[in-house]
Amino acid sequence: VLLKGERDPERRQALSTIGGQALRVRDMIGDVMLFARPPQPVLEDVDLIDVLNEVRASFTEQAARQACTFECDTDDEVPLRADRTQLSVVVSALIENSLNAVSEGGPILIRARAGDRASSTESFFSVADNGAGLSEIDRRHLFDPFYSGRQAGRGLGFGLSKCWRIVSNHGGRIEVDCDSDSSVCFRVFWPAPR
């Protein structure tokens with residue numbers, strides 16, 4: 001509201017900063033609430049490939065600015081029983097994490113495989129990048145809320161902890177493979193639908 005009539009460039013800059021920080025506080029409170037008291041998943045039949053494609057498309061501009069490419073290796077269909085919105089949050093956080101890691105250039109590899117309903121094997125998807133890798137401290141605190149391996153003020157420290165909470169609430173698990181200086185791959189295992 002204050003920005004609408006403001007013409008002074010310094011005051012406009014200050015008001016923009018205040019507005020941006022207010023939105024950041026809002027997001028942080030929302031993340032704390034999601035982690036502390038996540039909503040119960042509303043399960044429905046979902047095709048993981050559709051969700052992956054929708055979320056990936058939302059990062060097209062950012063990937064282009066960073067000269068990053070998405071490489072996909074997926075089954076044609078990966079049926080899941082999941083809360084579609086919460087599944088989208090997980091996929092989004094993992095892709096955003098990879099984009100932050102690769103910064104300038106490089107591929108982000110997305111894989112997905114369907115589990116076998118008859119033998120109840122898990123479906124899985126993964127997001128991998130060839131960014132800077134993870135330090136030993138990052139590995140220890142990877143899924144801790146409020147921990148961010150990024151420069152102070154750049155991350156809220158809830159992306160991976162939200163992923164962990166959502167995946168756990170769906171009866172799945174999330175794992176990470178990494179080289180300390182070359183790549184990180186997050187794998188999400190999801191119970192196969194019955």
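This is a predicted model: local features need pLDDT of at least 70, side-chain atom pairs count only at pLDDT 80 or more; totals for chains, interfaces and linings use all residues.
**A friendly note on helices and a nonpolar core**

1. Now step back into helix 7 (159–169) itself. Which of its residues are buried? They are Leu160, Ser161, Lys162, Cys163, Ile166 and Val167.

2. Next, find helix 3 (residues 48–58) and helix 5 (residues 84–102), whose axes come within 9 Å and cross at roughly 50°. Angles from 65 to 115 degrees count as roughly perpendicular and those under 35 degrees as roughly parallel, so this pair is called oblique. The crossing of helix 3 with helix 5 is right-handed.

3. Who meets whom there? Helix 3 brings Leu48, Asp50, Val51, Leu52, Glu54, Val55 and Arg56, while helix 5 brings Arg84, Leu87, Ser88, Val91, Ser92 and Ile95. Sorted by type, the residues of this contact are seven nonpolar, two polar and four charged.

4. The largest nonpolar core holds 34 residues, and Leu87, Leu94 and Phe125 have the most contacts inside it. Several elements give two or more residues to this core, including helix 3, helix 7, strand 3 (79–82) and strand 5 (123–129). Helix 5 supplies the largest share, eight residues. As background, nonpolar side chains in soluble globular proteins tend to be buried together.

5. Leaving aside residues up to four places away in sequence, Leu87 touches Val46, Leu48, Val51, Leu80, Ala82, Phe125 and Trp190. Among these, Leu48 and Val51 belong to the helix 3 side of the contact with helix 5.

Methods:
Residues are numbered from 1 along each chain as its sequence is written. Side-chain values use heavy atoms; hydrogens and water are left out. Axes are lines fitted to C-alpha atoms, for helices over the stretch in contact, and angles run from 0 to 180 degrees between N-to-C directions. Helices (H or I, at least four residues) and strands (E, at least two) are DSSP runs, numbered from the N terminus. Angles under 35 degrees count as roughly parallel, over 145 as roughly antiparallel, 65 to 115 as roughly perpendicular and the rest as oblique. A crossing is left-handed if the near helix is turned anticlockwise from the far one by less than a right angle, and right-handed if clockwise. Contact means heavy atoms within 4.5 Å. Ala, Val, Leu, Ile, Met, Phe, Trp, Tyr, Cys and Pro count as nonpolar, Asp, Glu, Lys and Arg as charged, and the others, Gly among them, as polar. A nonpolar core is a set of buried Ala, Val, Leu, Ile, Met, Phe, Trp, Tyr and Cys residues joined through side-chain atoms within 4.5 Å. Buried means under 20% relative accessible area, exposed over 50%, partly exposed in between (1.4 Å probe, protein chains only).
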